[in-house]
Amino acid sequence: MALFDIGPAFALKLLTQVALGACPVADAPKVDVHFATEPLYYSEEHSAHTLKKSMAKDKESTLATDKRSVVMGVTTSVTTSNFNVSFKTLTDEQGNQCIYVDKAVFWITYKPAVFVSKEILDLPCSLGVTRAHEAEHVKIDAAAIQEYLPRIQLDMMIYLRSLGYQGFGPYPQGESAQHQQRLLKEIVAASVPMAERLREARRKRQGTIDTPENYKREAEKCPQDRPALNQRFAVPAESLR
């Protein structure tokens with residue numbers, strides 16, 4: 001008979017408890033969170049009208065915070081979350097097994113995309129201001145996600161703590177795999193709203209630079225472009241980016 005990484009005294013205690021139908025308490029599971037950013041997708045192929053129309057229903061785009069009639073740039077993204085759980089087991093002489101959550105791991109991946117309208121490609125000043133504005137959106141996104149990672153780690157730790165540190169079971173050895181799959185589905189389901197709260201925190205942060213004051217400052221950087229912008233979009237230059 002062999003038990004995993006435990007001394008003889010504790011092994012005897014474990015066997016007694018399992019025989020009585022109770023699994024011993026184990027250490028708390030570990031929770032890791034990893035974050036990665038994929039290379040930026042950048043496009044200058046579409047008109048401002050097309051950008052606004054195509055992004056209107058994209059809740060991840062900056063149109064959610066940019067309410068002007070015309071936008072010359074928009075940032076959107078896909079934030080994916082993958083989640084995995086590993087288990088460990090303890091087995092007695094009869095093959096009964098206690099199941100423990102060993103580690104839970106989040107992988108958060110941020111995939112940004114920036115679109116700049118083709119109408120401003122021949123206006124170097126407005127083009128530069130727009131590119132800088134969208135780059136700031138990407139920077140804000142990444143910072144917001146990184147700042148939220150400890151929160152998502154804590155949320156999962158609290159959830160796993162609510163399950164208790166006593167092992168699940170004991171189960172006959174032949175049933176262990178199906179019980180692990182059931183537990184995995186439950187824990188993964190609990191992780192979904194945690195990841196969504198991270199996305200929501202990222203969305204809320206975007207409004208920090210989509211303000212009337214900031215739009216005005218940006219418009220004032222390129223007074224030489226105002227005649228062309230007014231002609232192309234038939235709106236005041238301060239309502240453009």
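## Surroundings of Gln206

Gln206 makes contact (heavy atoms within 4.5 Å) with Thr62, Thr65, His137, Ile140 and Asp141, leaving aside residues up to four places away in sequence. Gln206 sits in the loop between H4 and helix H5 (212-219); helices (H or I, at least four residues) and strands (E, at least two) are DSSP runs numbered from the N terminus. With a relative accessible area of 3%, Gln206 is buried; buried means under 20% relative accessible area, exposed over 50%, and partly exposed in between (1.4 Å probe, protein chains only).

## Basis of the values

The model is predicted, so local features need pLDDT of at least 70 and side-chain atom pairs count only at pLDDT 80 or more, while totals for chains, interfaces and linings use all residues. Residues are numbered from 1 along each chain as its sequence is written, and side-chain values use heavy atoms, with hydrogens and water left out.

## Nonpolar cores

A nonpolar core is a set of buried Ala, Val, Leu, Ile, Met, Phe, Trp, Tyr and Cys residues joined through side-chain atoms within 4.5 Å. The largest has 36 residues, and Phe106, Ile108, Ile152 and Met156 have the most contacts inside it. Among the elements giving two or more residues to this core are strand S1 (30-37), strand S4 (96-116), helix H3 (124-163) and helix H4 (176-205). Another core, of 7 residues, lies apart from it and includes Leu51, Met55, Val71 and Phe115.

Beyond four places in sequence, the residues touched by Phe106 include Asp32, Phe83, Ile152, Met156 and Met194.

## Helix H3

Just after H3, Gly164 has a positive phi of about 90°.

## Salt bridges

A salt bridge is a side-chain nitrogen of Lys or Arg within 4 Å of a carboxyl oxygen of Asp or Glu; the count is 13. Lys103 and Asp32 form one at 3.6 Å, N to O. Lys103 is in strand S4 and Asp32 in strand S1, so this pair ties together parts 71 residues apart in sequence.

Glu60 and Arg203, both buried, pair with their closest N and O atoms 2.7 Å apart. Within helix H4, Glu196 and Arg199 are 3 residues apart, or about one helical turn. Glu196 is partly exposed at 30%, whereas Arg199 is buried at 16%. Salt bridges with shared partners join Glu60, Asp141, Glu196, Arg199, Glu200, Arg202 and Arg203 into one network.
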